[in-house]
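Subject: Structure handover

Hello,

Here is the structure I said I would pass on.

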Amino acid sequence: IILVPMLFTGHWVTMFWTIQATALLWLGVHLQQRWIYIGVIVLHGLTVGKFVLYDYEVIFRLNPATLAYTRSFSHLLVERWGTAAMMLVALLYSARLLRAVPRPGRWQQRIATGFFGLSAVLLCLVLTIEVSSFFAAYARQAPLAEISGLWIFLALVTMLYGFLLQYPLVQQSALGLFALTLVKIFFMDTARLSMPVRIIALLV
């Protein structure tokens, strides 16, 4: 299953792995075979890992040190956004599919929560990279404040989502992202300011 998509190249391997993971989960839900669920977890993990650690740097030419693309922001724009969107949809669909299982077991609920969490982390990472590379390409500046604003917005949306669906883990993740944003603002965004000004900016 893993080797078949390798007949293709580039981001297509990632896309086919995503499709295979979703199809396997659908099969596992209908057959109720736990080993299929384990395969789905491994395949989703491999897909996300390949996309983040390999595709961005090797295929899409991202410089990890600057979070900017070495060629141009528009280089393979449709391909990388399409791949990221497919992975996010697949993870959310997988989580919803597990939630919809009649009388789901605790382990199925944990897998579903894990897929929700993985999709949130992937979304935050993708948006951070895209915002950073956009400002590096067109504004010629380090988008520290813009990324902080993005993280605060994502934290608020995640918190609202967690309250609406009563997911404590999602709420805790939102608080963690908000705390991480405050640390970033204090030690990075306002690093050139004096300490009293930094404290006032953090409180504001």
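**Layout of the chain**

From the N terminus on, the order of elements is α-α-β-β-α-α-α-α-α. That gives 7 helices and 2 strands; both are DSSP runs numbered from the N terminus, with helices being H or I of at least four residues and strands being E of at least two. This is a predicted model, in which local features need pLDDT of at least 70 and side-chain atom pairs count only at pLDDT 80 or more, while totals for chains, interfaces and linings use all residues. Residues are numbered from 1 along each chain as its sequence is written, and side-chain values use heavy atoms, with hydrogens and water left out.

Of the 204 residues, 38% count as buried, where buried means under 20% relative accessible area, exposed over 50% and partly exposed in between (1.4 Å probe, protein chains only).

**Helix α2 and Lys50**

Helix α2 covers residues 34-59 and includes Lys50. A kink of about 35° in α2 is centred on Phe51; the bend at a residue is the angle between axes fitted to the seven residues ending there and the seven starting there. The buried residues of α2 include Tyr37, Leu43, Lys50, Phe51 and Asp55. Among the elements that cover them are α1 (11-31), α3 and α4.

Why does Lys50 count as buried? Lys50 does so because its relative accessible area is 16%. Its side chain makes a polar contact with the side chain of Asp55 at 2.6 Å. A polar contact is a pair of N or O atoms within 3.5 Å; within protein, one must be able to donate a hydrogen and the other to accept it, and residues adjacent in sequence count only if both atoms are side-chain atoms. Leaving out residues up to four places away in sequence, Lys50 touches Gly10, Val13, Thr14, Trp17, Asp55 and Ile59, a contact being heavy atoms within 4.5 Å.

After α2 comes Arg61, which has a positive phi, near 60°.

**Where the lining comes from**

Which helix supplies the largest share of the lining of the largest pocket? That share, 11 residues, comes from α4.

Regards
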